[in-house]
Amino acid sequence: MASPAAPMPSLIRPRASRNQSQLGSVSLSSDNSASTASSRRRRDFVFVVNPSGANGRTGKQWTQLLPHLRTRLADKCNICECITSGPSDAIDVTREAIKDGADAVIAVGGDGTLHEVVNGFFRKGSPVRALDQGPDHLTALGLIPLGTGSDFARTFGWSNDPRQAIDRIVKGVKSKLDIGMIEGPNGDPHFFVNVADIHLSAKAGYFASMYKRFGNLCYVIGALRGFWGHNNRDMRIKVNGGEWRTVDKVTALCVGNAKYFGGGMKITPTVDPFSGDLEVVILQNFKWYTFLLKLHRLYAGTHLEVKDVSSMRVQSIEVAEVVPNGDIFVQSDGEHFGFLPTKFSVLPGAVDFFC
Ligand SMILES: Nc1ncnc2c1ncn2[C@@H]1O[C@H](COP(=O)(O)OP(=O)(O)OP(=O)(O)O)[C@@H](O)[C@H]1O
């Protein structure tokens with residue numbers, strides 16, 4: 001059930017009754033007068049909050065932030081707070097909010113929460129649309145970064161300061177943000193907004209998620225654990241639908257819509273999330289000690305000059321093993337996605353984003 005941040009506004013009504021302390025299932029107005037005069041109606045902003053983000057810090061900070069949020073926004077729009085009840089909840093909540101005509105869905109948490117909210121903007125590979133707001137209605141995406149890594153926010157130079165994030169939402173400046181699409185051999189497409197990656201870094205991310213209690217150190221621990229039993233592998237890539245070619249001894253292949261992953265590594269340092277393309281960075285033939293020696297360059301984003309590191313701009317890239325084993329990890333936005341083969345492509349300017 002929705003947990004209102006302000007006295008329950010008339011345009012936001014709870015629909016499903018679930019555990020009040022958990023998921024806020026939102027239902028926004030389907031009032032005809034609101035839909036026919038959308039420019040005049042009060043806007044509906046839905047805040048999707050992961051209370052467990054940053055080891056529970058997100059939930060605490062959110063509670064402290066609410067009075068400030070009300071002061072800044074309550075006279076401009078209806079505020080609806082949805083507290084997620086567990087993994088994937090943010091996807092469903094976002095889809096429901098968009099269908100119900102929300103003007104903005106704002107992810108409150110880390111990159112994992114943002115990733116889920118972004119995936120809620122789509123269903124079976126197509127954008128989710130409002131049911132009663134007319135074809136031109138678009139729901140904007142917002143972010144209050146309050147996670148462990150909050151890597152997506154780093155591309156814009158944003159800190160984890162929620163008051164600055166609220167200022168951006170109040171200002172209301174939006175840009176058309178590119179979204180990455182990721183397709184495996186089975187199932188519906190999946191979406192990413194930050195960085196998707198393959199092999200060592202994806203394995204490291206998988207392990208890092210087990211050590212989040214150590215803060216940003218979890219990424220280094222994850223990487224070192226990922227090297228345990230790691231082999232660089234020969235892979236095949238197909239760029240922009242061209243010919244397949246072989247890339248030897250791949251350590252990691254990273255597809256960036258934004259610049260940072262792994263708690264501040266500037267892995268795809270030249271990408272622009274509003275440019276309509278993705279940056280692919282391939283690390284080849286790295287040993288565990290190469291990784292340690294070059295770590296500072298990965299954080300600084302100066303690794304493109306290092307031997308066995310290459311970069312290219314793409315609209316799409318397909319990646320497969322030369323000898324398929326089905327054990328090469330793939331992750332998107334720090335979340336485990338599955339295993340190769342996989343295709344990555346960009347949806348230019350797919351979402352309006354408060355920035
Ligand atoms: N109520 C919940 N309880 C437990 N886990 C949740 C809940 N809501 C969401 N999650 C999961 O928590 C995961 C991590 O959340 P989030 O990304 O916000 O924080 P973080 O991992 O600390 O930050 P970052 O990803 O920036 O390092 C998400 O992938 C999400 O699936």
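This is a predicted model: local features need pLDDT of at least 70, side-chain atom pairs count only at pLDDT 80 or more; totals for chains, interfaces and linings use all residues.
View A. The shell holds 23 residues, and G53, G109, G110, G112 and G147 come nearest to the ligand. By residue class, 15 of the shell residues are polar, 5 are charged and 3 are nonpolar. Helix α4 gives the largest share of this shell, with 4 residues.

**View B. Helix α4 is largely enclosed.** The helix spans residues 111-120. The buried set runs through D111, G112, T113, L114 and H115, then E116, V117, V118, N119 and G120. G112 is also among the residues that come nearest to the ligand.

**View C. D92 of helix α3 and G120 of helix α4.** D92 sits in α3, a helix covering residues 89-99. G120 is one of the buried residues of α4. The C-alpha atoms of D92 and G120 lie 6.2 Å apart, although 28 residues separate the pair in sequence. D92 has 17 C-beta neighbours inside 10 Å, so it counts as partly exposed. A buried residue needs 20 or more such neighbours.

**View D. Confidence along the chain.** The average pLDDT of the protein is 87, and 89% of the residues score at least 70. Residues 1-39 stay under 50. For this stretch the model has 87 contacts beyond four places in sequence. The model scores are ipTM 0.97 and pTM 0.88.

Technical notes
Residues are numbered from 1 along each chain as its sequence is written. Helices (H or I, at least four residues) and strands (E, at least two) are DSSP runs, numbered from the N terminus. A residue is buried if 20 or more other C-beta atoms lie within 10 Å of its own, exposed if 12 or fewer, and partly exposed in between; C-beta atoms are placed from the backbone. A residue is near a molecule or strand if its C-beta atom, placed from the backbone, lies within 6 Å of it. Ala, Val, Leu, Ile, Met, Phe, Trp, Tyr, Cys and Pro count as nonpolar, Asp, Glu, Lys and Arg as charged, and the others, Gly among them, as polar. pLDDT is the predictor's confidence in each residue, from 0 to 100. Two residues are in contact if their C-beta atoms, placed from the backbone, lie within 7 Å.
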